[in-house]
Amino acid sequence: MPSEVMIRLDPKSRAAAKGLNDLTIRNLFIIPTIVFLIVFNIFPLLYSLGYSFTDFRASTNAPANFVGLQNYRDLLNDPFIWKNFSITAKYVLISVTGQVIVGFGLAMLLNRSIPAKGLITTLMLLPMMLSMAVVGLFWKLLYDPNFGIINYFLGLGKFEWLADPDMALYAIAIVDIWMWAPFVMLLSLAGLSAVPKHLYEAAEIDRAGSFYTFFRITLPLVAPILMIAIIFRTMEAFKTFDLAYVLSSQPNTELIAIRLYKMAFQEWQTGMSSAFAYIVLIMVVAITNIYVKYLNKVKAR
Amino acid sequence: MAQIKMINVQKFFGQNQVLQDLNLTIEDGEFVVFVGQSGGGKTTALRAIAGLETITSGKILIDGVEVQDRKAADRDIAFVFQSFSLYPHMTVRENITFPLRAVRMDKTARDKAVNETAEILQITEHLDRKPSSLSGGDMQRVAIGRALVRRPQALLMDEPLGVLDSKLREQMRSELKRLHIARGSTSVYVTHDQIEAMSLADQMVILHDGVLQQVGAPDDVYLKPKNLFVAKFVGSPVMNVADVQINGSEVTMKGVDTGFTFDESTLASLAKYDTEITLGLRPEAILLSQARTKGYTQAVTTNIEPLGSHDIVDVRLGDTVLRVRTESGFVSGEGQPVWVGLDTTQAHFFDKKTELNLRGAA
């Protein structure tokens, strides 16, 4: 029986003419989606939770033994894992901060009447439409110490961006900023253009300087949408894999996603890596929650 | 407190001239109302004084100092926007203190100023609320409070009551007047509502198509309109206008056999205009009589608007319909024969070509 909540099919529609009713349409569209989600998302999620309590290795036929919380205990006591976490934290901080500053700055520049504004905006958005791996590969060429264009222009000689242990992480963050600052720009631009122009006029009449106007009017009014951009970018940066993997294979740039990949598919510690993945998941959910709480606070203001 | 002077102000938007040779002096402490139809240039003139709009040429002086090249922030004027323009993320208190904080006034002086202003405007109880939770009238009070709190040289208002409902408008109107009298600050006010303009203004400034039509006290403007536009714009119901012909001492409307008798001396100078003349009559300058009266012409009533305190009666006279103000219930219904006479001292004659008033103010 179709429930009362369901919107009745318009009897004049083409679907109705073909003899379909609400129920068939529901089955046709909703059920495949739900089945797909269960098979490819929910089931693996639960199954890997089970694996995370075992010593299962996908590379052998040996049966999985239940080890309880042993995997979690080992992981959280492993100083190398903590190193991965601190590298990731540093990377997220640099990358997201950079993206917000560059993206918001670009949005401020674009938020005025300039010729060819639409074209410029579209061109600026191109980096984020490229594939991560492709971006990684051509930035590797740009960074190349022998023929890279970056060293040529900056006059840095044979400086090894991606091999230098202090610089490599920054180099990856720069690529991430280049690629994703446009995303922050796009959202900021939407936020900025939603600030009514007459508020700026009022601020001008009220004798507010440009800095005062920016910090007291512009920023608070754009904050909610900027916050959404930051949530998205933090989650993405947290799980960065391809960009860092393609660009550099240094221990100093080993982000958690790379460690996880190696653990799962090179060392075949399936049970251990499942536990690791769960730790990462909990962390991402926790961080996102903090942001969402803050976002709601900003919105309520 | 300041005198504002505009000298030969011109303003173009592209090819479109919105202010033409505007010359105007607003004396210290005056309440001046810019009034006109939309697109008449009144808001542009106000924004030019505020510094929100640059002018193409001319000078604007505040207290004798040329300010046309200064930014709004450096002119020390306050502005009340039609849309209120309150900062939505700040409380009422923060909104009102914003102009003081922007110039880094210290906290004790700030608090004192805010509390005083809030008291005058009766918004003390709303100080910690957000603008979005206020009624339209209170939002407007906050906007006015934000303008007054810094004791500006002049207070400019752009249709501040435009978005309020009519009852609240009337109330806010008298509050504005009271505030102006209490503060004595030079005020410039823009509205398209001539009744609002007349009730508030010391001086009315009537603008049409970017050209100044007349400056004067409300009475002056009403009784001695300089031209046909002013005559028709000011006053409600609108002044009656009729094409007429002058024959000796008589003025005849089109389609009517008998004319109205005027003073010889009044018509002597007008005779040369022959038919190139328009007669303007306020609704109260037309007299109705139920019985045949000497000098009156017979006509038929076509419509009656009973307004309580008085009635507006439409009377067909030849080709023209005149709107007449009578005491309420004077005419019982449509289609009634009445006799129409004129108070000739209140009649206006306008040149058909130049539209200038040929009598009284002329």
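How many residue pairs are in polar contact between chain B and chain A? The count is six, both residues of each pair being at pLDDT 80 or more; a polar contact is a pair of N or O atoms within 3.5 Å, where, within protein, one must be able to donate a hydrogen and the other to accept it, and residues adjacent in sequence count only if both atoms are side-chain atoms. This is a predicted model, in which local features need pLDDT of at least 70 and side-chain atom pairs count only at pLDDT 80 or more, while totals for chains, interfaces and linings use all residues. Residues are numbered from 1 along each chain as its sequence is written, chains are lettered from A in the order in which they are written, and side-chain values use heavy atoms, with hydrogens and water left out.

The rule also finds three salt bridges across this interface, a salt bridge being a side-chain nitrogen of Lys or Arg within 4 Å of a carboxyl oxygen of Asp or Glu. E201(A) forms a salt bridge with R47(B), and their closest N and O atoms are 2.5 Å apart.

Chain B brings 27 residues to the contact and chain A brings 17 residues, contact meaning heavy atoms within 4.5 Å. About 2,100 Å² is buried between the two chains, 58% of it from carbon and sulfur atoms; buried area is the accessible area (1.4 Å probe) that two parts lose on being put together, summed over both. In chain B, the residues that lose the most area to chain A are Y87(B), H89(B) and F98(B), together 26% of what that side buries.

The largest nonpolar core has 55 residues, and L75(A), Y91(A), Y143(A), L247(A) and F276(A) touch the most other members. Such a core is a set of buried Ala, Val, Leu, Ile, Met, Phe, Trp, Tyr and Cys residues joined through side-chain atoms within 4.5 Å, where buried means under 20% relative accessible area (1.4 Å probe, protein chains only). In soluble globular proteins, nonpolar side chains tend to be buried together. Leaving out residues up to four places away in sequence, F276(A) touches L75(A), I81(A), F85(A), I256(A), R259(A), L260(A) and M263(A).

In chain B, T297(B) lies in strand β16, residues 297-306; strands are DSSP runs (E, at least two residues), numbered from the N terminus. T297(B) counts as buried because its relative accessibility is 5%. Apart from neighbours within four places in sequence, T297(B) is in contact with V256(B), T258(B), G259(B), F260(B), L317(B), V338(B), W339(B) and V340(B).

Note on methods
Buried means under 20% relative accessible area, exposed over 50%, partly exposed in between (1.4 Å probe, protein chains only). Helices (H or I, at least four residues) and strands (E, at least two) are DSSP runs, numbered from the N terminus.
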